[in-house]
Amino acid sequence: MIASRVVTVRSTGSPASHSNMSEQNNRQDVFSKPKVELHVHLDGAIRLQTILDVARRRGIPLPADTMEELRELIVLRKPTTLTEFLGKFAEYMHVIAGDRDAIKRIAYEFVEDKAKEGVIYVEVRYSPHFLANCDVDPIPWNQAEGDLSPDEVVRLVNEGLRQGERAFHVKVRSILCCMRHMPSWSAEVVELCKKYRHEGVVAIDLAGDESLNCEAYPGHRRAYEEAVRCGIHRTVHAGEVGAACVVKEAVEVLKAERVGHGYRTLEDRVLYKKLLAQNMHFEVCPISSKLTGACNADFTKHPVVTFRKDKANYSLNTDDPLIFGSTLQLDYWMAHEHMGFTPEEFKRLNISSAASCFLPESEKNELLGKLYKAYGMIRSTAF
């Protein structure tokens, strides 16, 4: 269940093209204080150099020999469709999947990259099956069958994340993804959540094609019912490109505690008001939503502007920074530059994010305390 509602605190103290946004962001970090990130995919946050290095070590040919060439192949430059976006993963995932050293490396480097962005707590998500090459049907990315199972993938990611935590002093937890088009994987996903719940895995997620609802694919519903029974936290990708009814299903059928994206919730005002009253958390990804075609390319009309005005509970996140050629600072810069976000709103949304994270209550309170201190804010005793 969602933790306590965020309470009021008192303080003691036309969009640019995507091709040049990164440069502008580097010149102006609009919020340099500690941040919380709740929606980012490990396999969408891999370094270009790492892909090249692993491909060379494994002798896997790529249609690119340099970082610049690989960037042109992978990074989206203009708004497209969610289908084309998802196709980008096929350009490089076969390089990383099935390789133990590569999987530990991307997890470790992920933590280092988040530390550089000023993140002090992050929940990173991934599909264990997409990184495996055995005990998974079908074997993804046209790999030959090997000896790396989804179970071992989780163990390797955990090791890489823990090493990164120790090296870079960022707190990291992970979320395991079910895939809508592969309901046969979902039972194992929830079992892995249960097995590794005391080793860094904090929740289950459902990602993929939102047209594949859970009424037609009951494997997902059964996995989420088991998660509820065992006290596994739950988030669901919903309302990114799917209709508001997908959000309703996520909340009412799958018992989601957070909604990934959730933009189309605004199409159902009754549902939206209900979720506002419940303090439902929306995991918002501004740059992602523009480049996948999920939202209007005009950032001034983005749904998060409505969320901000309504004092909704939401976070700002990168989603897949490799494919979008983005950083968390860039998402913050866009929110500041084109959506009217102020430093006070950035503080509020990060506190909301911390309050809605999937840490145990004692660790959540410790995280909140760090944010209040860093922000020069007095924490209400009513929280």
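This is a predicted model: local features need pLDDT of at least 70, side-chain atom pairs count only at pLDDT 80 or more; totals for chains, interfaces and linings use all residues.
**Entry 1**

Residues are numbered from 1 along each chain as its sequence is written, and side-chain values use heavy atoms, with hydrogens and water left out.

I looked up how α6 (residues 100–116) and α7 (residues 150–168) lie: their axes come within 8 Å and cross at roughly 35°. Axes here are lines fitted to C-alpha atoms, for helices over the stretch in contact, with angles from 0 to 180 degrees between N-to-C directions. Helices (H or I, at least four residues) and strands (E, at least two) are DSSP runs, numbered from the N terminus.

Then I listed contacts (heavy atoms within 4.5 Å). Ile103, Ala107 and Phe110 are among the α6 residues that meet α7, where the partners include Val153, Leu156 and Phe168. Nonpolar covers Ala, Val, Leu, Ile, Met, Phe, Trp, Tyr, Cys and Pro; charged covers Asp, Glu, Lys and Arg; the others, Gly among them, are polar.

I turned to the largest cavity, whose volume is about 30 Å³. Its lining is Ala45, Ile46, Arg47, Ile106, Glu109, Phe110 and Asp113, or four nonpolar, no polar and three charged residues by class.

The second largest pocket has a volume of about 520 Å³. Of its 23 lining residues, Leu86, Phe89, Phe130, Met179 and Gly208 are the closest to the centre. Which element gives the most to this lining? I found that it is α4, with four residues.

For my own reference, on a 1 Å grid over the protein atoms alone, a cavity is a set of points where a 1.4 Å probe fits but cannot get out; a pocket is an open set with protein on both sides within 12 Å along at least five of seven lines; and lining residues have an atom within 4 Å of a point. Points are joined across faces, edges and corners, and a volume is the space filled by probe spheres set on them.

Not counting residues up to four places away in sequence, Ser289 touches Tyr263, Ala294, Cys295 and His302. The C-alpha atoms of Ser289 and Leu82 are 9.3 Å apart, although 207 residues separate them along the chain.

Ser149 sits in the loop between β3 (119–126) and α7, and at 13% it also counts as buried.

Most residues other than glycine have a negative phi, and most peptide bonds are trans. I found a cis peptide bond between Asp137 and Pro138, with omega about 0°.

Lys311 has a positive phi, near 55°, and counts as exposed at 51% relative accessibility. Asp319 has a positive phi too, about 70°, but is buried at 2%.

Technical notes:
Buried means under 20% relative accessible area, exposed over 50%, partly exposed in between (1.4 Å probe, protein chains only).
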